[in-house]
Amino acid sequence: MKVIEVKAKKLFVRSGIPGAKWVINQYVGCGHTCLYCYAKFICRWKRYGRWGSWVEVKTNAPELARRYVDGWVVMSTVSDPYQPIERELKLTRKILENMNKKVNLSILTKSDLVLRDIGLFKRFEKIEIGLTINDEKVKENFEPVAPDNERRIEALRRLKEEGIRTYGFISPVIPGMTNVKRLVRKTKKFVDFYWIELLNLRASGKVFTRKLRENFPKSYEILRDERKLLNS
Ligand code: SF4
């Protein structure tokens with residue numbers, strides 16, 4: 001993993017995400033290397049190599065995090081705050097330590113490393129933690145490095161047990177592979193709400209599309225036809 005250290009001018013950036021006023025990305029790039037990742041479009045501007053082989057680290061992010069902002073803040077959109085390198089760098093943890101605890105914070109991750117920071121989450125007045133969950137077939141084929149789904153589900157259970165508001169992000173929904181009902185049944189006792197998102201074939205890129213078409217042709221055809229319908 002190539003690590004590029006940079007100094008950022010600011011950490012809180014205005015967001016276009018519904019319900020969120022700000023977004024923060026202390027990392028750009030992600031070691032989870034999901035094949036469908038929508039954030040890999042960033043490689044057009046950040047020419048460090050293929051997606052998943054590098055991560056840009058905003059070393060001064062903990063200092064910039066001290067600023068108070070109102071409205072919901074989403075962490076993160078072009079990376080995972082608990083991707084493998086976080087174990088060593090503890091950048092997300094330092095940000096949480098410094099952040100004003102009145103900030104309304106929404107964190108999304110695929111990693112049970114998030115459990116490390118439960119003590120810090122409890123110090124925030126308003127916080128919600130989301131874990132992306134899916135069927136294991138999706139992880140095995142398209143998310144080579146991310147923790148398996150049982151670990152993510154167990155993380156949701158533990159967070160809830162500790163009194164943290166949780167959400168399940170069921171994404172990307174791939175027809176024929178993702179069983180949304182089963183995931184909801186399995187997690188609803190310890191999940192406060194869900195976001196559910198169908199895979200966006202265009203945003204997921206050519207390499208992913210080719211693999212899906214070759215290995216799961218029915219899933220591909222449904223998504224392709226869905227796209228045609230949306231564009232008609
Ligand atoms: S965890 Fe999220 S940001 Fe990281 S590669 Fe996967 S989809 Fe992209």
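1. Two strands count as paired if DSSP finds at least two bridges between them.

2. A word on the model itself. It is predicted: local features need pLDDT of at least 70, side-chain atom pairs count only at pLDDT 80 or more, and totals for chains, interfaces and linings use all residues. Residue numbers start from 1 along each chain as its sequence is written.

3. Back to that first pair and its surroundings. Strand β4 (residues 27–28) is joined to β5 by two bridges, and the two run antiparallel. Tyr27 sits opposite Val57 in β5. On the other pairing, strand β1 (residues 2–6) runs parallel to β5, with five bridges between them, and Lys2 faces Trp54 in β5.

4. Together these make an open sheet of three strands in the order β1-β5-β4, with mixed pairing. Its edge strands are β1 and β4, each of which pairs on one side only. Strand β5 (residues 54–58) is mostly covered, as four of its five residues are buried. Buried means that 20 or more other C-beta atoms, placed from the backbone, lie within 10 Å of the residue's own; exposed means 12 or fewer, and partly exposed lies in between.

5. How many strands form the other open sheet, whose order begins with β2? Seven do, in the order β2-β3-β6-β7-β8-β9-β10, again with mixed pairing. The edges are β2 (13–14) and β10 (193–198), which each pair on one side only. Within this sheet, β6 (residues 72–75) and β7 (residues 104–109) run parallel and are joined by four bridges. Met75 stands opposite Ile107 in β7.

6. Helix α6 (residues 149–161) lies across β8 (126–133) and β9 (165–173), at about 160° to β8. Helix α7 (residues 180–187) lies across β8, β9 and β10, at about 165° to β9. These angles run from 0 to 180 degrees between N-to-C directions, with axes as lines fitted to C-alpha atoms, for helices over the stretch in contact.

7. Which residues are around the ligand? They are Cys30, His32, Thr33, Cys34, Cys37, Ala39, Ser79, Asp80, Lys110 and Ala146; a residue qualifies if its C-beta atom, placed from the backbone, lies within 6 Å of the molecule. This shell divides into five nonpolar, three polar and two charged residues. Here Ala, Val, Leu, Ile, Met, Phe, Trp, Tyr, Cys and Pro count as nonpolar, Asp, Glu, Lys and Arg as charged, and the others, Gly among them, as polar.

8. Gly205 is partly exposed, because 17 other C-beta atoms lie within 10 Å. Its C-alpha atom is separated by 38 Å from that of Glu162, 43 residues apart along the chain.

9. Finally, the whole protein. It has nine helices and ten strands. The radius of gyration is 18 Å, close to the 17 Å that the globule rule gives for 232 residues, so the protein is as compact as a globular protein of that length. The radius is taken over C-alpha atoms, and the rule is 2.2 Å times the number of residues to the power 0.38. Buried residues make up 36% of the 232 residues.

Definitions and conventions. Contact = placed C-beta atoms within 7 Å.
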